[in-house]
Amino acid sequence: MLEKIIEEKKRELEKLLPWYERGEYQIEKKDRNRRERLNPTSFLQHPSGKVQVIAEIKKASPAKGDLNRDLDPVKTALVYEKNGAAAVSVLTEEVFFKGDRSLIPEIKSRISIPVLRKDFIIHEVQLYETAVLGADMVLLIGAVLGYEKLLSLTEKALDLGLEPVVEVYSREEARWLKDLPARLVAVNNRDLKTFKVDIGNSIKLADFLPPSTIRISASGIKGREDVRRLAACGYHAVLVGERLVTSPCPGEKLRELLT
Ligand SMILES: O=C(O)c1ccccc1NCC(=O)[C@H](O)[C@H](O)COP(=O)(O)O
């Protein structure tokens, strides 16, 4: 499945590359400075040590299909902000997740907490696009990119004023982190080959993450007990999609995760 997603991304890139080659993008100096304004140490590290929630806008997933057909992304982002989310993650991949890149500027203009662009980034043109769309952070997936590409895209994201969130799944990928200039690290609990989800992965990898990084545990977080276990291993934040978008009351679910 991951191969299919990447194939689709490559097709999309063909449409984006001419724009890039013609240099038809403008990233203002003020936008390049957005990373300084973001300051992840304050937005993801609660003074009391409380685990923060990055709440995701996720209409569908490749494994489960539609999660919430009626999801109103802007309204949901506002509910997330009102109920204490530290940031909003927006899936922009169209074919498998029913996302949309235009959601980034729409949501960004309505909330004041940071926005993460979640997609399958494989080329720097997508980073230019992410900066132009106005996202604060961008996901870079170790299992998709491999070390060299991950390093070059991490550096490029920083250069464009985007805060890279580097996702690792295995111990080998976690070892790469000591040589990467990333401040935010997400350990994925979902095996992208089998889609099996186990928060034990974050617990297993906790000792292999550089102490200076801000730790996010992503995928499969169901409730308060999961958050408690992750907090005990030094995680600063959790990234939650499905449990929020399928809840009849996402605001209440979010508050439960934060208690
Ligand atoms: O969600 C999936 O099924 C998925 C499949 C293949 C690649 C990525 C996938 N998810 C992307 C994500 O980053 C998750 O949406 C995110 O970690 C939240 O996970 P969850 O709380 O389990 O919805």
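These exercises work through the fold, core and ligand shell of a predicted model.

Local features need pLDDT of at least 70 and side-chain atom pairs count only at pLDDT 80 or more, while totals for chains, interfaces and linings use all residues. Numbering runs from 1 along each chain as its sequence is written.

**Exercise 1.** Work out whether the radius of gyration of the protein chain agrees with a compact globule.

*Solution.* Take the radius over C-alpha atoms. The globule rule is 2.2 Å times the number of residues to the power 0.38. For 259 residues, a compact globule would have a value near 18 Å. The protein chain has 17 Å, which agrees. Its C-alpha atoms fill a box of roughly 50 × 40 × 40 Å along the principal axes.

**Exercise 2.** Find the residues that touch the most other members of the largest nonpolar core.

*Solution.* Start with burial: 20 or more other C-beta atoms, placed from the backbone, within 10 Å of a residue's own. Join buried Ala, Val, Leu, Ile, Met, Phe, Trp, Tyr and Cys through C-beta atoms within 7 Å. The largest core has 68 residues, and I216 and V238 touch the most other members. Strand β6 (residues 137–141; strands are DSSP E runs of at least two) gives the most, with five residues.

**Exercise 3.** Describe the shell around the ligand.

*Solution.* Count residues whose C-beta atom, placed from the backbone, lies within 6 Å of the ligand. There are 18, and the closest are S61, A218, S219, G241 and E242. Elements giving two or more residues are β10 (237–240) and α12 (242–245); helices are DSSP H or I runs of at least four residues.

Key:
A residue is near a molecule or strand if its C-beta atom, placed from the backbone, lies within 6 Å of it. A residue is buried if 20 or more other C-beta atoms lie within 10 Å of its own, exposed if 12 or fewer, and partly exposed in between; C-beta atoms are placed from the backbone.
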